[in-house]
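Please walk through this protein chain with the structure open beside the text. The account starts with terms, then takes up the overall layout, the helices and the core.

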Amino acid sequence: MSDQIDLFAPTPDPAPPTAPPDVPRPRRGRKLRPQRPELVAEVLDLIHHGGLGMLDASDRVVAFEDDTRVRLSTDEDITLSLLEQRYVERRPPRDTVTCLHGAVRKPVTPLRLTKSGHKLLARWTALRPLA
């Protein structure tokens, strides 16, 4: 009978909420790292000359090796950051080309600079190293 709750007794205090475990929060967006402007300037120049595109099925950033082949880009983080900040955009669907990615032919949409991307390219290419 000791397990029964008394009907007229005050209600017991609820247990204090437990803190959630320390889980790293996902980052909201990638930001440009201004301490490495030479890398961003290289990526902007590649995009300006039509050297980067997006695979349509997976939204991965690819680099054009020639007119018929593409490979995954090593500068994917920088390119995705530029896309999020609207310095770069996809070309219209009519510009989509099919290229070999490995042994499979896939559609690739080339990237282009926006007006603010052209301004950023002009600013960052004008920077010179201090040494």
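A residue is called buried when its relative accessible area is under 20%, exposed when that area is over 50%, and partly exposed in between, using a 1.4 Å probe and protein chains only. Helices (H or I, at least four residues) and strands (E, at least two) are DSSP runs, numbered from the N terminus.

The model is predicted: local features need pLDDT of at least 70, side-chain atom pairs count only at pLDDT 80 or more, and totals for chains, interfaces and linings use all residues. Residues are numbered from 1 along each chain as its sequence is written, and side-chain values use heavy atoms, with hydrogens and water left out.

The protein chain holds 3 helices and 6 strands, arranged along the sequence as α-β-β-β-α-β-β-β-α. Of its 131 residues, 29% are buried. Contact here means heavy atoms within 4.5 Å. Among contacts between residues at least 6 apart in sequence, 59% join residues at least 24 apart.

Begin with α1 (37-48). This helix has 12 residues, and from its first C-alpha to its last it reaches 16 Å, close to the 16 Å expected at 1.5 Å a residue; the expected span is 1.5 Å times one less than the number of residues. P37, V40, A41, V43, L44 and I47 are the buried residues of α1. They lie on the same side of α1, because they cover an arc of only 160 degrees around the axis, the arc being that of the directions from the helix axis to the C-beta atoms. An α-helix has 3.6 residues a turn, so residues three or four places apart point the same way. Packed against the buried residues of α1 are β1, α2, β4 (88-90), β6 and α3. After α1 comes G50, with a positive phi near 75 degrees.

How do α1 and α2 pack, and at what angle? The angle is about 75 degrees, with the axes 10 Å apart; axes are lines fitted to C-alpha atoms, for helices over the stretch in contact, and angles run from 0 to 180 degrees between N-to-C directions. The two helices are therefore roughly perpendicular to each other, a term that covers angles of 65 to 115 degrees, with those under 35 roughly parallel, those over 145 roughly antiparallel and the rest oblique. On the α1 side L39, V40, V43, L44 and I47 take part, meeting I78, T79 and L82 in α2. T79 is buried, with a relative accessible area of 0%. Beyond its neighbours within four places in sequence, T79 is in contact with V43, I47, L52, V61 and L111.

In α3, the buried residues are G117, L120, L121 and W124. Their arc of only 100 degrees around the axis puts them on the same side of α3. K115 and K119, on the other side of α3, are exposed. The cover over the buried residues of α3 includes α1, α2 and β6.

The largest one has 19 residues, of which L44, I47, L52, L82 and V88 touch the most other members. Two or more residues come from each of α1, β1 (52-55), β2 (61-64), α2 (76-84), β6 (104-113) and α3 (115-125). The most come from α1, with 5 residues. Apart from this core lies another, of 5 residues, including V62, V70, C99 and V108.

Terms used: Core = buried A, V, L, I, M, F, W, Y, C linked by side-chain atoms within 4.5 Å.
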